[in-house]
Amino acid sequence: MDGIRINKYISQCGYCSRREADRLLLQGKIYINQTIASPGDRVQTGDAVIIDGKTITPAAKEIIIAFHKPLGVVCTTSKKEKQNVIDYLHLEERVYPVGRLDKNSTGLLLLTNNGQLMDDILRGSHYHEKEYIVTVDKAISPAIYEAMEQGVPILNTMTRPCRITHRSEQRFHIILTQGLNRQIRRMCEYFGYRVRTLKRIRIMNIELGNLPEGKWRYLTETEIRKLKQLAAGKTREREDRHE
């Protein structure tokens with residue numbers, strides 16, 4: 001069959017992820033030429049894809065940036081949120097946050113106009129690693145760490161096994177391969193601890209490093225190449241990090 005699926009076309013244009021495109025389709029907000037598009041429709045050469053009255057076209061260039069998100073900035077593109085990340089960055093190009101960091105969390109956030117890459121990174125079945133530094137309100141015993149690593153019942157499911165490295169009585173590093181809503185905070189609360197600070201320091205092969213809070217940078221070509229390999233599930237992250 002000729003053409004390209006409408007949700008894939010929209011993600012390749014950098015407008016949003018395929019998942020978000022599917023939501024917009026169900027809401028009847030996307031047109032192909034003068035007809036409301038439906039999930040599964042295909043875009044043919046010469047077709048006009050229109051969202052909110054604007055024709056979208058493939059992005060002129062790929063953009064992937066790393067941002068050190070401060071407290072208070074919200075990972076949304078909605079202008080209704082005064083502290084949205086897009087207004088904070090003031091970028092000329094249209095980009096979208098890859099996943100979320102809570103308003104009260106800080107650290108590494110990726111933003112891109114590559115919808116396919118966004119989908120690949122967020123795909124839970126690929127078990128992509130994300131690493132955080134966590135400080136809680138009281139000392140944690142080794143038994144709690146061990147139990148947390150095995151999995152915690154939250155949000156009507158059991159969290160995947162994770163890796164925790166003890167740093168001090170109230171501070172630890174944790175590596176997750178999933179992204180449930182407020183996952184780390186809920187995991188800690190299950191055992192009676194409250195998170196005081198939460199900072200993401202790594203997404204797959206991209207590290208926060210010494211990037212100052214509130215600043216951003218473009219990823220290097222080497223970082224992008226490795227990130228795409230990992231995102232597509234072509235390379236195991238643990239092995240990759242120790243090459």
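## Salt bridges in the model

A salt bridge here is a side-chain nitrogen of Lys or Arg within 4 Å of a carboxyl oxygen of Asp or Glu. By that criterion, R123 and D120 form a salt bridge through their side chains, with an N to O distance of 2.9 Å. R123 is partly exposed at a relative accessible area of 33%, whereas D120 counts as buried at 12%.

The model is predicted. In total, 12 salt bridges are present in the structure.

## A link between helices 2 and 4

The side chains of D119 and R18 also meet in a salt bridge, at 3.7 Å from N to O. D119 belongs to helix 4 (residues 115–122) and R18 to helix 2 (residues 18–26), so this pair ties together parts that lie 101 residues apart in sequence.

D119 is buried, with 11% relative accessible area. R18, at 25%, is partly exposed.

## A link between strands 10 and 15

R202 and E131 pair in a salt bridge between their side chains, with 3.1 Å between N and O. Because R202 sits in strand 15 (residues 195–203) and E131 in strand 10 (residues 130–136), the pair connects parts 71 residues apart in sequence.

Both partners fall under the 20% cut-off for buried residues. The relative accessible area of R202 is 2%, and that of E131 is 13%.

## The network around this pair

Which residues are linked in a network of salt bridges? The members are E129, E131, R163 and R202.

Key
Residues are numbered from 1 along each chain as its sequence is written. This is a predicted model: local features need pLDDT of at least 70, side-chain atom pairs count only at pLDDT 80 or more; totals for chains, interfaces and linings use all residues. Side-chain values use heavy atoms; hydrogens and water are left out. Helices (H or I, at least four residues) and strands (E, at least two) are DSSP runs, numbered from the N terminus. Buried means under 20% relative accessible area, exposed over 50%, partly exposed in between (1.4 Å probe, protein chains only).
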